Amino acid sequence: MTSIPHDTPGEPDPLRALGLERLRCRTSMKWRTYPEDVLPLWVAEMDVPLAEPVVRAVTEALALGDTGYPAGTAYAEALAAFAAKRWNWDGIAVERTAIVPDVMLGVVEMLKLVTGPGDPVIVNSPVYPPFYQFITHMDRRVVEAPLGAGLRLDLDPLADTFRNVTAGQGRAAYLLCSPHNPTGTVHTAAELAAVADLAERYGVRVVADEIHAPLVAPGVTFVPYLSVPGAERGLSLMSASKGWNLAGLKAALALAGPGAAADLARLPEEVSHGPSHLGVIAHTAALNDGTGWLDALLASLDAGRSLLTALLAEHVPAIRPCPAEATYLAWLDCRALGLGDDPAEAFLDRGRVALSSGLPFGTGGAGHVRLNLATSPEILTEAVRRMAATVA
Ligand SMILES: Cc1ncc(COP(=O)(O)O)c(C=O)c1O
């Protein structure tokens with residue numbers, strides 16, 4: 001599988017388009033949770049204007065009063081075309097897709113299809129905190145199989161976990177985060193095929209959260225879970241939400257492998273009432289016409305990753321960044337700073353910079369913070385200055 005080259009003809013850098021004053025006018029969670037003197041680099045929202053095709057599609061819909069309920073399969077068709085071009089994968093069959101309100105509610109619905117109350121759901125800690133919250137809220141049991149060396153999937157302990165949770169009882173699921181949040185790890189085809197093999201061997205159903213799939217670094221190849229041999233009974237969630245900053249425009253897609261089609265067919269019809277029609281329009285436009293914008297973003301994020309590494313090495317060398325190949329998140333090992341289990345608290349209180357605490361990411365999160373680098377070089381530089389001042 002080859003990835004297409006990321007070139008950005010004529011596209012301005014979306015991460016340099018908005019200044020701090022403009023960003024502070026936003027009313028979303030990133031900008032309204034902390035007081036004005038705090039620089040927010042926490043929740044996964046990007047400091048970008050939207051891609052022009054998305055703005056145009058939503059604006060045209062508003063002008064037309066096209067604000068009813070969603071219909072049709074345009075979103076799934078757009079994703080299938082994007083997957084074919086971007087990942088050289090033609091495995092998305094529209095009839096094996098369903099629209100869901102967002103990725104996490106899609107995860108919940110997929111887990112409901114393949115597990116029952118009290119059943120185990122395996123996650124690779126440290127991992128996106130809502131995995132714990134949503135699984136627990138739906139009366140399933142979280143079982144951690146921590147990432148291994150280099151913060152990659154650790155297949156032997158994963159096999160042990162699959163064996164343990166399925167011994168003597170029925171159903172279990174594995175909620176795979178691909179690419180992985182918070183580490184930005186991109187799982188290889190070999191790793192994913194090994195996961196599929198283990199899942200089949202132990203009868204564990206795989207639900208892959210692939211929301212960060214469009215956000216791989218230039219030159220890195222994302223491998224869709226459902227594309228690997230043995231993953232036919234897998235389920236996946238995809239969305240344009242992270243790639244194009246559309247979290248407020250609710251819509252995502254659930255995908256089933258051929259062996260999971262019957263499971264997806266049991267999805268209650270009312271789940272399709274959740275996504276917003278404007279969301280479907282926005283996500284479809286992003287996938288169809290937003291690839292130039294995405295490529296400009298990816299080039300800029302890559303520069304941001306290098307800038308962050310250089311700034312930390314110069315100003316706070318005790319912090320060790322995890323080398324990420326995807327997402328716009330940086331997982332920072334701050335244990336050498338002596339700030340205890342929750343360094344985010346000190347960075348916020350003393351440095352006035354809001355990062356995500358590592359603790360809710362589960363085992364492996366203590367002493368870590370997650371930094372959102374989807375911002376301008378100026379804001380990133382100021383954030384590191386504030387982090388350095390915290391420990392000066
Ligand atoms: C791995 C992962 N899954 C899901 C989500 C949330 O997606 P949604 O808003 O579509 O539920 C995020 C948001 O950052 C995420 O990182």
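**View 1. Strands S9 and S10 of the predicted model run antiparallel and are joined by two bridges.** Helices (DSSP runs of H or I, at least four residues) and strands (runs of E, at least two) are numbered from the N terminus, and two strands pair if DSSP finds at least two bridges between them. Arg-320 stands opposite Asp-333 in S10, and Asp-333 in turn has His-368 in S13 as its bridge partner. The model is a predicted one, in which local features need pLDDT of at least 70 and side-chain atom pairs count only at pLDDT 80 or more, whereas totals for chains, interfaces and linings use all residues. Residues are numbered from 1 along each chain as its sequence is written.

**View 2. An open sheet of four strands has the order S9-S10-S13-S12, with antiparallel pairing.** Strand S9 (320-321) and strand S12 (356-357) are the edge strands, each of them pairing on one side only. Five bridges join S10 to S13, and these two strands run antiparallel. Because four of the five residues of S10 are buried, this strand is largely enclosed by the rest of the structure; a residue is called buried if 20 or more other C-beta atoms lie within 10 Å of its own, exposed if 12 or fewer do, and partly exposed in between, with C-beta atoms placed from the backbone.

**View 3. The buried residues of helix H3 line one face of the helix, because they fall within an arc of 105 degrees when seen down its axis.** The arc is that of the directions from the helix axis to the C-beta atoms. Pro-53, Val-54 and Ala-57 are buried in H3, while Thr-59, Leu-62 and Ala-63, on the other side of the helix, are exposed. The buried residues pack against helix H9 (241-244) and helix H11 (277-289), where a contact requires C-beta atoms, placed from the backbone, to lie within 7 Å. H3 (residues 52-64) has 13 residues and should span 18 Å at 1.5 Å a residue, which agrees with the 18 Å between its end C-alpha atoms; the expected span is 1.5 Å times one less than the number of residues.

View 4. Asp-66 has its place in the loop between H3 and helix H4 (74-87), and counts as partly exposed because it has 13 C-beta neighbours inside 10 Å. Asp-66 and Arg-26 are 40 residues apart in sequence, and their C-alpha atoms are 25 Å apart in space.

**View 5. Domain 1 (14-51 + 291-391) and domain 2 (68-288) are given by the domain assignment of the protein chain.** Such bounds come from an automatic or database domain assignment. The C-alpha centres of domain 1 and domain 2 lie 26 Å apart, and the contact takes 28 residues from domain 1 and 30 residues from domain 2. Helix H12 (291-315), strand S10 (329-333) and strand S13 (368-372) each supply at least two residues of the side of domain 1 that touches domain 2, and H12 gives the most to that side, with four residues.

Conventions. Contact = placed C-beta atoms within 7 Å.
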